[in-house]
Amino acid sequence: MSLHQDGVANQANTDGSLVLLDPGTEEKRLLRKLDARILPLTCALYLFAYLDRTNLGNARLQGLPEDALGGDPTGALFDWVNAAFYITYILFQVPWTILSKYHSPRLWIGGSAILWGLCSTLMSTANNFPQLLVARLALGVCEAAFGPSVVLYFSFYYTKTEYGTRVAYWFGFAAVAGAFGGLLAYGIQNAEVLIAHWRLLFLLEGLPTVLLGTLCLFILPGRPESTDFLTPAERKLAIERINRGTSSDIGATVNYAHVVAAFLDWRVYVAGIIYFGLNCALGSLSAFLPTIISTMGFGSVALSQLMVVPPYAAAGLALVIFSYLSDKMRTRGLFIVAGCTFGGIGYLILLGVTHNQHVRYFSTFCVAIGTYVSIALVLAWFTHNLGSETKRATGVPLFGAIGQCGSILGSHLYPLTEGPAYRRGFGTSGSLMFLAAICALVLSVSYRWENRRRDDLYGEPELDERVDTSVLADKALSFRYIP
């Protein structure tokens with residue numbers, strides 16, 4: 001921008017806002033400013049959220065069953081400790097996300113992080129099965145206030161052509177957590193410490209969460225219409241951006257008609273089936289991948305934990321690439337179909353190849369990539385396609401809660417007595433991945449058909465024009481779905 005333009009752009013209107021002579025430049029500047037503040041905090045929080053919920057897989061190899069579960073020869077007690085998190089996580093997702101609309105995002109997200117960090121830290125003091133179970137149940141309650149609320153929060157600032165990539169950055173830290181957790185566990189396993197290695201693991205993954213949550217209370221931006229992080233002109237531009245192709249709520253409001261509409265939308269339940277299959281894979285992957293890899297004959301426990309890192313790293317890279325392409329092409333469904341199919345093929349390889357450990361190890365890359373890519377894209381898909389903030393705040397955690405039941409199933413599919421073949425686990429997870437691919441294809445076709453029907457009846461709307469979704473949500477005549 002020239003000096004003259006700078007001078008004019010910094011002049012104030014009578015209402016106190018700034019004159020925007022170059023909207024494209026101002027929008028790019030605003031986007032960089034938002035990314036620099038929102039993404040580092042939310043991604044770091046999700047890194048530790050995922051570490052805190054999935055560190056049991058590494059703790060299992062570091063002696064947790066022997067120290068706190070009486071040896072657990074069948075693995076049944078460990079399965080229940082792992083599944084306990086998902087019970088409360090499922091029950092509290094919908095009410096917590098709806099309630100989050102009544103509160104400042106920085107207080108809600110920061111407060112939940114502090115609480116779940118304390119729960120994870122206190123797991124290091126557990127000495128028996130009941131104590132571990134209670135800590136995991138409490139962890140689920142607190143983390144249920146975080147994940148779906150962040151997905152909703154991103155929709156306050158990012159357009160539908162930016163949203164998928166940002167969700168990918170955020171959810172990609174689940175893959176980073178898998179890699180980092182393996183590296184951290186490897187380091188702890190080789191450290192000489194005065195306490196059990198698994199106790200140190202819980203401490204090192206819980207305490208930073210408390211610090212990040214405290215930081216979030218002070219510097220995470222609130223809603224765009226009220227945050228002090230933005231100038232008046234930036235707030236105006238931010239509000240205009242999130243009303244492209246839809247419309248946003250103003251202030252802390254909940255449209256209860258849209259809450260009901262979310263519960264009555266058949267597509268939310270189909271998304272729940274997709275998410276169920278994906279979370280069955282994800283839940284079992286995070287809890288049992290170190291154990292599965294340890295049966296492939298790579299050597300010591302520490303080396304098995306280190307071999308967990310490459311599949312997660314590949315999944316994180318693929319996640320960002322395909323989410324970026326999805327944003328640019330303005331389509332999600334076919335990418336999800338491809339991801340679910342790729343993950344299903346990985347399970348077929350694990351099921352059919354029993355002696356070639358290199359091929360079996362390659363299949364874990366297929367499973368990780370297919371699972372992570374598909375989950376992030378489903379979240380981005382429905383955040384726009386539900387139409388309004390309140391329907392989003394209800395529908396996303398609703399299909400998420402259905403999907404997390406798959407995590408409970410996944411945590412019971414790999415008992416030690418069935419290793420190293422784990423035929424039941426691989427067969428079930430693979431079948432659910434293929435079912436998810438079919439459901440994603442059905443949804444994509446239905447969205448394309450509905451868009452075409454509305455175009456024929458009411459005409460094709462201008463790209464990114466504001467659509468009033470305050471009454472009909474995604475049923476508004478000018479609203480168009482991302483297929």
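Guide: On a 1 Å grid over the protein atoms alone, a pocket is an open set of points where a 1.4 Å probe fits, with protein on both sides within 12 Å along at least five of seven lines, and its lining residues have an atom within 4 Å of a point. Grid points are joined across faces, edges and corners, and a volume is the space that probe spheres set on those points fill. The model here is a predicted one: local features need pLDDT of at least 70, side-chain atom pairs count only at pLDDT 80 or more, and totals for chains, interfaces and linings use all residues. Residues are numbered from 1 along each chain as its sequence is written, while side-chain values use heavy atoms, with hydrogens and water left out.

Visitor: Thanks! What volume does the largest pocket have?

Guide: Let's start with the lining. Seven nonpolar, three polar and eight charged residues make it up, where Ala, Val, Leu, Ile, Met, Phe, Trp, Tyr, Cys and Pro count as nonpolar, Asp, Glu, Lys and Arg as charged, and the others, Gly among them, as polar. The space itself comes to about 310 Å³.

Visitor: Which lining residues are closest to the centre of the largest pocket?

Guide: The largest pocket, of about 310 Å³, is lined by 18 residues. Closest to its centre are K160, R330, P461, L463 and R480.

Visitor: Is R330 buried, partly exposed or exposed?

Guide: R330 sits in the loop between α15 (309–329) and α16 (333–352); helices (H or I, at least four residues) and strands (E, at least two) are DSSP runs, numbered from the N terminus. Buried means under 20% relative accessible area, exposed over 50%, and partly exposed in between, with a 1.4 Å probe and protein chains only. Because its relative accessibility is 28%, R330 counts as partly exposed.

Visitor: What is the phi of R330, which is not a glycine?

Guide: Most residues other than glycine have a negative phi. R330 has a positive one, of about 55 degrees.

Visitor: Where does A473, with its phi near 55 degrees, lie in the chain?

Guide: A473 is another residue other than glycine with a positive phi. At 1% relative accessibility, A473 is buried. Its place is in the segment after α19 (423–458).

Visitor: What relative accessibility does L319 have?

Guide: L319 is in helix α15. Leaving aside neighbours within four places, its contacts are A168, F171, G172, Y372, V373 and A376. L319 counts as buried because its relative accessibility is 0%.

Visitor: Now the charged pairs. How many salt bridges are there?

Guide: Side chains of opposite charge can pair when their charged atoms come close. A salt bridge is a side-chain nitrogen of Lys or Arg within 4 Å of a carboxyl oxygen of Asp or Glu. Counted by this rule, the number of salt bridges is 19.

Visitor: How many residues apart are R166 and D35?

Guide: R166 and D35 form a salt bridge, their closest N and O atoms 2.7 Å apart. The pair links distant parts of the chain, R166 in helix α9 (residues 160–189) and D35 in helix α2 (residues 23–54). R166 and D35 are both buried.

Visitor: How far apart are the C-alpha atoms of R241 and F156?

Guide: R241 is buried because its relative accessible area is 1%. R241 and F156 are 85 residues apart along the chain. Their C-alpha atoms are separated by 9.3 Å.

Note on methods. Contact means heavy atoms within 4.5 Å.
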